[in-house]
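This report goes through one protein structure topic by topic. Keep the sequence and the 3D view at hand while reading.

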Amino acid sequence: MSIPQERRVVTAIPGPKSQELLARKQAAVPSGIGTTLPVFVTRAGGGVVQDADGNSLIDFGSGIAVTNVGNAAPKVVERVQKQVADFTHTCFMVTPYESYVRVCEKLNELTPGDHEKRTFLVNSGAEAVENAVKVARHATGRQAVVVFEHGYHGRTLLTMTLTAKNMPYKHGFGPFAPEVYRVPLAYPYRWPTGPENCAEEAAAQAIDAITKQIGPENVAAVVIEPIAGEGGFIVPARGFLPRIAEFCAANGIVFVADEVQTGFARTGDLFACEDEGVVPDIITTAKGIAGGLPLAGVTGRAELMDKVHVGGLGGTYGGNPLACEAALGVLETIEEEDLVSKARRIGEIMLPRLKALQERFDVIGDVRGRGAMIAIELVEPGTKEPNPTAVQEVVKRCHAEGLLVLTAGTYGNVLRFLPPLVIPEHLLEEGLGILEKAIAEL
C-alpha cells in the first residue's frame, strides 16, 4: 500500500464523517474507552494516517510505539497474507507451529546478554509483565515485587497495582494485588538536589527502602521500565539502572526490564537496556514487536524460565500464527532498513530543535529522551510547577493543523513524540514546525 507522504487537511479535524462515526462510537462503546483524537482512520503508512474525511495527518504517535516499522510494512503484509490463507489458529499448546519457535529463537538471540535464554509468547504488554512476575515468584519462592515511582506496566489487576498513576488507571478499581512495593525513580529534572546527584541518591534511597521495609530476601522481582513511558518519558539518570541491577544480582532478586514501549529500535538501540549495558534476568516486550498485531514476549534466563512446571505458562491465543509471522516481518524490516540508525537520526533531528525551543520559551521545562522516544515537559514559566493546561492547548492546536501528538506524565504535563521509524525527514521537520507554532501561540 503506497500512501502519499504529505500532510493534507481538507476539513475541520475531526471532519463530518469522523464526527458521524464518533456519535456511533459513543452509542456503542463505553465512555471509559477514551479517544485522543477522534478521526477515524481508513489508511496509514510511512509517517501519515488518513481519515474518513480525506485528511492526511503527520503521525507522531505510532499507535503508542507500536508501528515502529510503519503501518502495513511490506514484509509484515506479505507474511500475514500468506499465513492467513494457510491457517489462523491451532493454539500452540495443542498443536504447535514453526513461526512461534522462530520468534522465540530471535528474541533469545537479540535481547541483551549472551546467556542461555527461553522465551514464550502472550498477547499484550500487561500479560507479559504479569507472566514475568509469575516466573520470578515461582523461581525464587519469594512473593514481594518492587516497582518505581512514575512506572506504568498495564491494566490487569496485578499490572494496574504495579502502575504508579492513580487516574485514570487505578481510580475506583481496587482492592489491588498484595506484596507490591514502590520506591523512588531517578528523575533528573525533578530531583531535589539536582540532576548531578540523582543517580546515586535515588539508587541509595531505593535500595535503603527495599532493605529496611521489605527485606531483599523476600523480594522476587524488581520491575522497571528502562525509560519510564506513561510516567513522562523519564530517562533515569545514568548509573541508576546498573546500580539497581547490581543490587538485584547480589541478592538473588530477578531484575525484570519492561521494554514494552522502549523495545524494537525505538530508543536508538534494539533495546533500551543496551545503552548502559544492563542485562536483565527477564525482559518483557510487546507494542513494536509485531507491527500492530497483538503479540508480546517474555524472555529470560533459562534456569529461571525452566523452573515453572509444565502447563504453568500459556494461553489460548498467545503466539498466534498471524502475529508471529508479523513479528518475523518486523524483525526483518528493522535489520534490512537499519531502523536502529534511523531512530538515532530522528533523535538527532528532534532534540536540537526542541532544545532550541526550550531556549526561546520558558514554558518548556525539560527536553529529554533517546532515539525516537522524545518528550518535552511543560511548566508554569519561571517554575517547575506542572502545566497540564498548556499541554492540552498545544495538543489541540497540533491536532487542528494535522499533527497527531500524544501526552504523558504523572502530572499530565508532558508531550511525548513517537514517530514511526520510517517517517520521511520532511514530515518530521514539518511536524516540528507545527509544534513550534503551537507553543509560540500559547
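## Salt bridges

A search of the whole structure finds 27 salt bridges. The structure is a predicted model. Side chains of opposite charge can pair when their charged atoms come close.

One of the salt bridges is formed by R79 and E332, whose closest N and O atoms are 2.6 Å apart. E332 is partly exposed, with a relative accessible area of 23%.

## A pair within a helix and a pair across the chain

K106 and E109 also form a salt bridge, with the closest N and O atoms 3.8 Å apart. Both are in helix α4 (residues 98-110), and because they are three residues apart there, about one helical turn separates them. K106 counts as partly exposed at 25% relative accessibility, and E109 counts as exposed at 52%.

Another salt bridge joins the side chains of R344 and D269, at 3.3 Å from N to O. R344 is in helix α11 (residues 339-360) and D269 is in the loop between β8 (254-258) and β9 (282-285), so the pair ties together parts that are 75 residues apart in sequence. Is D269 buried or exposed? At 16% relative accessibility, D269 counts as buried, because the cut-off for buried is under 20%.

## The loop between α6 and β6

Several features fall in the loop between α6 (157-162) and β6 (180-183), and F173 is placed there. F173 is partly exposed, with a relative accessible area of 48%. Together with L157 and F176, F173 forms a nonpolar patch on the surface, and the three have about 290 Å² of accessible area together.

P168 is found in this loop too. The peptide bond from M167 to P168 is cis, with omega near 10 degrees. E179 is also in the loop between α6 and β6. Its phi is near 60 degrees, a positive value in a residue other than glycine, and E179 is partly exposed, with a relative accessible area of 31%.

## Other backbone features

F264 has a phi near 60 degrees, a positive value in a residue other than glycine. F264 is placed in the loop between β8 and β9, and at 1% relative accessibility it counts as buried.

N123 is in the loop between β4 and α5 (125-140). At 24% relative accessibility, N123 counts as partly exposed. N123 and T316 are 193 residues apart in sequence, and their C-alpha atoms are 9.6 Å apart in space.

Notes
Residues numbered from 1 in each chain as written. Predicted model: local features only at pLDDT ≥ 70, side-chain atom pairs only at ≥ 80, totals over all residues. Heavy atoms only, no water. Patch = residues over 30% accessible without salt bridge, like charges linked within 9 Å, V, L, I, M, F, W, Y side chains within 5 Å. Areas by Shrake-Rupley, 256 points an atom, 1.4 Å probe, with all protein chains shown as cover. Salt bridge = Lys/Arg side-chain N within 4 Å of Asp/Glu carboxyl O. Helix = DSSP H or I, 4+ residues; strand = E, 2+ residues; numbered from the N terminus. Buried < 20%, exposed > 50% of the residue type's maximum accessible area, 1.4 Å probe, protein only.
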